[in-house]
Amino acid sequence: MELAVEAELSSKMGFLKASKQFNVPKSRQDWIKGFLTRHPSLSIRTPENTSGARAMGFNKVSVSKFNSLVNYVIDNHKQADNKIFYFDETGVSVNPKSQSKLIALKGKRQVGAITSAELGETVTAEVWMSASGLYIPPMLIFPRMKKKQEFELGLPPGGWCEVHPSVTKESPVLLIVDGHSTDIKNLKLLEIARENCVVLLCLPPHTSHRLQPLDVTFFKPLSLYYGKEVRRWLRSHPGKVVTLFQISTIFGTAFLHAATMLTAINGFRKTGIWPPDLNVVSDADFLPSATTDIQLENKNVPLKNLPMVTITI
């Protein structure tokens, strides 16, 4: 029975076919089929891996405090969607993370696909997007000491950003970042943000899978488009492999396909950042952290005393 369910979850075959192959009794087949028929809201799904740290970190206390800070900044500075940004980085390799399915002869156990290298080098892509659907041109960081002109070929138009004239102390930009030490322990970054009227707001630890707009709606389609472009390049250049010199062109094409206005707007909406929505996360979503919750003393700091650069930990 367990082998049949695993085969169905891995999309190798349908449950009925798997039941026949693994000799699942007819009574069990009928019971599962009847159970799903009686409960149309249920289906057999493949769960996503969730680390213990994320299960414990995504709790009601930390999420509520983060939402309170977001609402305070938005209300206090009368923030508009075009002044709420999120920034994060992702790795881009010469090898795509996944391969598309192929049609092969039945019974053939090993089906291969050409890749550029066994492991491949990785380039860091930094992406910004706003709650209004605006994207700032991405920046690629190459693992090299010297810059080469070929690294810039094919990148999306643009490459730098300027402070908007309408940004003032009374109407700053809200920039949400993750809790990496390069963001929250970089004194020079905090000073630059303060001088340019930027409010930095840090996500609670281990909550990016639910509260990070780029993780929720953008990075997955970007990865799919990038893998598709890599496979297309390999097919159109037989005998050659993708190197660091082709990454900018391939990534630029994938970015233009993935960076839609609707994707950015949905990212902020699904995380409850904009428009502010405290009901996006239900009590059922906090159940994995219930076993490790402990009562904490209430030591709330008055929000009116928060500086221009705000960090939550």
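Lys78 lies in the loop between helix H5 (60-76) and strand S1 (84-93), where helices (H or I, at least four residues) and strands (E, at least two) are DSSP runs numbered from the N terminus. The model is predicted, so that local features need pLDDT of at least 70 and side-chain atom pairs count only at pLDDT 80 or more, while totals for chains, interfaces and linings use all residues. Residues are numbered from 1 along each chain as its sequence is written, and side-chain values use heavy atoms, with hydrogens and water left out.

The phi angle of Lys78 is near 50°, a positive value in a residue other than glycine. With a relative accessibility of 71%, Lys78 counts as exposed; buried here denotes under 20% relative accessible area, exposed over 50%, and partly exposed the range in between (1.4 Å probe, protein chains only). A positive phi is also found at His206, a residue other than glycine, where the value is near 60°. His206 is placed in the loop between strand S5 (198-202) and helix H8 (208-211), and its relative accessible area of 44% makes it partly exposed.

The loop between S5 and H8 also holds Thr207, which at 0% relative accessibility counts as buried. A polar atom of the Thr207 side chain lies 2.7 Å from the backbone oxygen of Pro204. When neighbours within four places in sequence are left aside, Thr207 is in contact with Gly57, Phe58 and Gln212, contact being defined as heavy atoms within 4.5 Å.

The protein has 11 helices and 5 strands. An open sheet is formed by 5 strands in the order S3-S2-S1-S4-S5, with mixed pairing; two strands are taken to pair if DSSP finds at least two bridges between them. Strand S3 (135-141) and S5 stand at the edges with a single partner strand each, so one side of each is left without a neighbour in the sheet. From one strand to the next, the twist averages 25°, with axes given by lines fitted to C-alpha atoms, for helices over the stretch in contact, and angles running from 0 to 180 degrees between N-to-C directions. S1 and strand S2 (residues 122-130) pair in the antiparallel sense over 9 bridges, and Val92 stands opposite Val123 in S2. Helix H9 (residues 213-236) packs on the sheet, where it touches S1, S2 and S3, and its direction makes about 35° with that of S1. Helix H11 lies across S1, S2 and S3 and runs at about 80° to S2.

In the segment after helix H11 (261-270) is Pro275, which is joined to Trp274 by a cis peptide bond with omega of about -10°. As regards the cysteines, Cys197 counts as buried at 12% relative accessibility, and Cys202 is likewise buried, with a relative accessible area of 2%. A search of the whole structure finds 0 disulfides, a disulfide being a pair of cysteine sulfur atoms within 2.5 Å.

Over the protein as a whole, buried residues make up 36% of the 313 residues. Of the contacts with a separation of 6 or more, 75% are accounted for by residues 24 or more positions apart.

Definitions and conventions
Polar contact = N/O pair within 3.5 Å; in protein donor to acceptor, adjacent residues only side chain to side chain.
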